[in-house]
Amino acid sequence: MSVTLLLADNTKLRADSISSFLKDKGYKVITTYNIWDTMDKLRGGEVDIAIIDMRLVNDEDKDDYSGINIARMFEAEIPKIIMTKFPDHEAVRKALGVRIDKLPRCVDFLYQKDDSSFMESLLTTIRSIPLKEKSFKSINANITTKIDQDYVDVRSQQWSYFIAAFFFSVVSIVLIFIGVNSIMSEKITLGILQGAIGVLSSSGTYLLFRRTDIASKRMDKYHKEKISSEQLENLLLASTEVDDLRLQEEIKKEIILIVAEYWFSLDNEEK
Amino acid sequence: MSKKVILLVTEDILSEWVNILSASVEEEYIVKTCVPQEINNYRDPILILVDLASIEDSVRFIKDLHSTAPSIPIVAVTSFPDWREARDVLKAGAIDCLIQVYDVKQVKENIQEQLMKLPLNIY
């Protein structure tokens with residue numbers, strides 16, 4: 001799965017140079033050069049990680065924290081890295097500290113030195129960010145698509161079995177009726193033969209109705225599986241509201257363990 | 001009703017800043033001080049302040065403290081602001097990194113601001 005990065009820097013030359021470095025490393029990079037485009041892209045839902053210049057309006061303005069302000073406006077689900085050529089204590093507090101407004105913190109704060117060490121630090125930070133949320137969503141989407149497909153297959157099987165069972169039941173009733181009629185008309189051998197075929201058809205009807213019943217149970221099972229995987233996804237999404245990334249990871253692990261244990265217990269009950 | 005405890009982790013328990021801190025919050029809270037090795041003797045403070053000058057590996061200390069008691073907010077305090085150190089302690093789990101000022105009113109405002117962040121999102 002390709003990771004999509006948003007790179008926001010008002011200095012085009014610098015932005016393009018970083019962007020080209022990251023593209024070489026295999027990332028998909030969206031580059032923006034101003035506040036408005038950056039906000040649009042962050043809203044778009046396509047971005048996995050955002051790398052934002054602290055002074056996104058004016059490099060000369062020491063009070064320009066626009067990059068940090070934008071970063072903190074958006075949900076914690078998108079990890080944000082702040083980069084700047086002008087690092088100071090206050091800027092770090094603004095980016096990484098917990099604030100009264102409880103807006104999500106950025107995940108890192110990097111000094112944009114002119115040498116290659118910045119690029120290496122940036123790469124190390126990007127690689128250290130867990131993207132489990134996104135990959136889980138994509139895995140879960142694959143699972144639910146498969147469950148949907150299985151559900152459709154089983155439903156068509158169930159429908160075929162039902163039609164066949166219905167046909168056989170009508171045939172068997174008609175044959176038994178004709179057989180009884182033949183016996184009453186003193187065509188005993190023919191009547192017995194027709195009746196026997198009718199009874200045999202009834203057995204086929206029973207077997208086909210059994211298959212229909214099994215298919216219905218499988219449909220119920222797929223339905224429950226789909227609901228369970230959606231519930232797990234919702235629980236994991238809810239855990240992203242926790243501000244602290246480490247604690248978030250612990251909560252996610254706990255959720256997965258509890259849900260897995262529950263699923264296994266259901267399987268055992270079925271057995 | 002007993003006052004809630006603000007715990008200051010510092011080697012320098014006789015420093016002027018300890019008195020200023022105590023004076024700034026004395027109406028509502030009690031400030032207790034402890035050296036880093038004794039941190040486990042104090043249960044459930046409402047806030048832990050960590051004096052960065054007192055601890056050799058402040059990042060490790062805060063990381064361990066945060067993982068032991070994630071619900072207790074940790075605020076780093078320093079007389080010598082350094083953005084790299086601030087970044088590292090904030091990433092380790094501190095909710096803020098304050099510069100030690102020697103003005104009771106200012107300290108009171110700073111501590112009140114930290115307490116207004118409670119409860120943390122983890123609740």
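Before the views, one definition: axes here are lines fitted to C-alpha atoms, for helices over the stretch in contact, and angles run from 0 to 180 degrees between N-to-C directions. This is a predicted model, where local features need pLDDT of at least 70, side-chain atom pairs count only at pLDDT 80 or more, and totals for chains, interfaces and linings use all residues. Residues are numbered from 1 along each chain as its sequence is written, with chains lettered from A and ligands numbered from 1 in the order in which they are written.

**View 1. Helix 2 of chain B lies across strands 3 and 4.** Helix 2 (58-68) runs at about 160 degrees to strand 4 (74-78), and strand 3 (47-51) is the other strand under view. Helices (H or I, at least four residues) and strands (E, at least two) are DSSP runs, numbered from the N terminus.

**View 2. Chain B has an open sheet of five strands.** The order is 2-1-3-4-5, with parallel pairing; two strands pair if DSSP finds at least two bridges between them. Strand 2 (29-34) and strand 5 each have a single partner strand, so one side of each is left without a neighbour in the sheet. From one strand to the next, the twist averages 25 degrees.

**View 3. Strand 1 of chain B meets strand 2.** Six bridges join strand 1 (4-9) to strand 2, and the two run parallel. Look for L7(B), which stands opposite K32(B) in strand 2.

**View 4. Chain B touches chain A.** The contact (C-beta atoms, placed from the backbone, within 7 Å) takes 18 residues from chain B and 17 residues from chain A. On the chain B side, helix 3 (83-92), strand 5 (96-99) and helix 4 (104-116) each give two or more residues. Helix 3 of chain B has the largest share, five residues.

Notes: Two residues are in contact if their C-beta atoms, placed from the backbone, lie within 7 Å.
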